[in-house]
Amino acid sequence: MTTETIISIFLGIGLATSVGFRVFLPLFALSLAAYFGVWELNGNWDWIGSLPALIVLGVATFVEVFAYFIPWVDNILDTAAVPLAAIAGTAVMVSTVANLDPVVTWSLAIIAGGGTATAIKGTSAAGRLTSTATTGGLANPIVATVETGTAVVVSTAAIIAPVIGAVLVVIILTLIFRMYRKLMPKRKQ
């Protein structure tokens, strides 16, 4: 496995993690990177770097980010976003992973890309639901700001320095796991 392949996997996992926070923002970031030649996409995925894709993904990102600041609408978006995150997480992995057999690429994309995005989005949706239930939705804009900020930071890091992006992914997944363990009741043996 070449260094380029490993770096491309780190990029894909970083963007897939970001998809778990905002579905369109990492796709828009990838589109920007491809459009300006910062990152080269796999053959059939070059369309992501086209001007029409850049515009559509930019508008979708804008709408998605601001819709999450509307209490109750954000919960509806989360319901739709969980399956979309799985698809988008898989797509960013497939579009970025370089020099691997297609079977390995797709397997990695579905498991690491789609799986990571879905896990993050599921946790995010549960957190928002808890916020809505405990504060009547008043704290949801704060949750939305943290999620959007995290998506921006991880997407940017994944594109500019994929290794740092991968480290951020490990930190995020560790924090989520620790929060989950604290919130789940202990089982009696």
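Analyst: The following account turns to the pockets and then to the annotated regions around them. The model is a predicted one. Its largest pocket has a volume of about 620 Å³. The lining of this pocket comprises 21 residues, and those closest to its centre are T123, S124, G127, I176 and M179. Three helices each supply at least two residues of that lining: α5 (102-135), α6 (140-160) and α7 (162-183). Of the helices, α5 gives the most to the largest pocket, with eight residues. Sorted by class, the lining of the largest pocket holds 13 nonpolar, six polar and two charged residues.

The lining of the second largest pocket has seven nonpolar, five polar and one charged residues.

In an unreviewed entry, UniProt assigns "domain: DUF4126" to residues 9-182. That span is 80% helix and 0% strand, and its end C-alpha atoms lie 31 Å apart. The unreviewed UniProt entry also annotates "transmembrane region" at residues 7-35, 47-69, 76-98 and 159-180. Residues 159-180 are 95% helix and 0% strand, with end C-alpha atoms 29 Å apart. For residues 7-35, the end C-alpha atoms are 19 Å apart, and the span is 86% helix and 0% strand.

Conventions. Residues are numbered from 1 along each chain as its sequence is written. This is a predicted model: local features need pLDDT of at least 70, side-chain atom pairs count only at pLDDT 80 or more; totals for chains, interfaces and linings use all residues. Side-chain values use heavy atoms; hydrogens and water are left out. UniProt positions are given in the numbering used here, feature names are shortened, and annotations may be inferred rather than shown by experiment. Helices (H or I, at least four residues) and strands (E, at least two) are DSSP runs, numbered from the N terminus. On a 1 Å grid over the protein atoms alone, a cavity is a set of points where a 1.4 Å probe fits but cannot get out, and a pocket is an open set with protein on both sides within 12 Å along at least five of seven lines; lining residues have an atom within 4 Å of a point. Grid points are joined across faces, edges and corners, and a volume is the space filled by probe spheres set on the points. Ala, Val, Leu, Ile, Met, Phe, Trp, Tyr, Cys and Pro count as nonpolar, Asp, Glu, Lys and Arg as charged, and the others, Gly among them, as polar.
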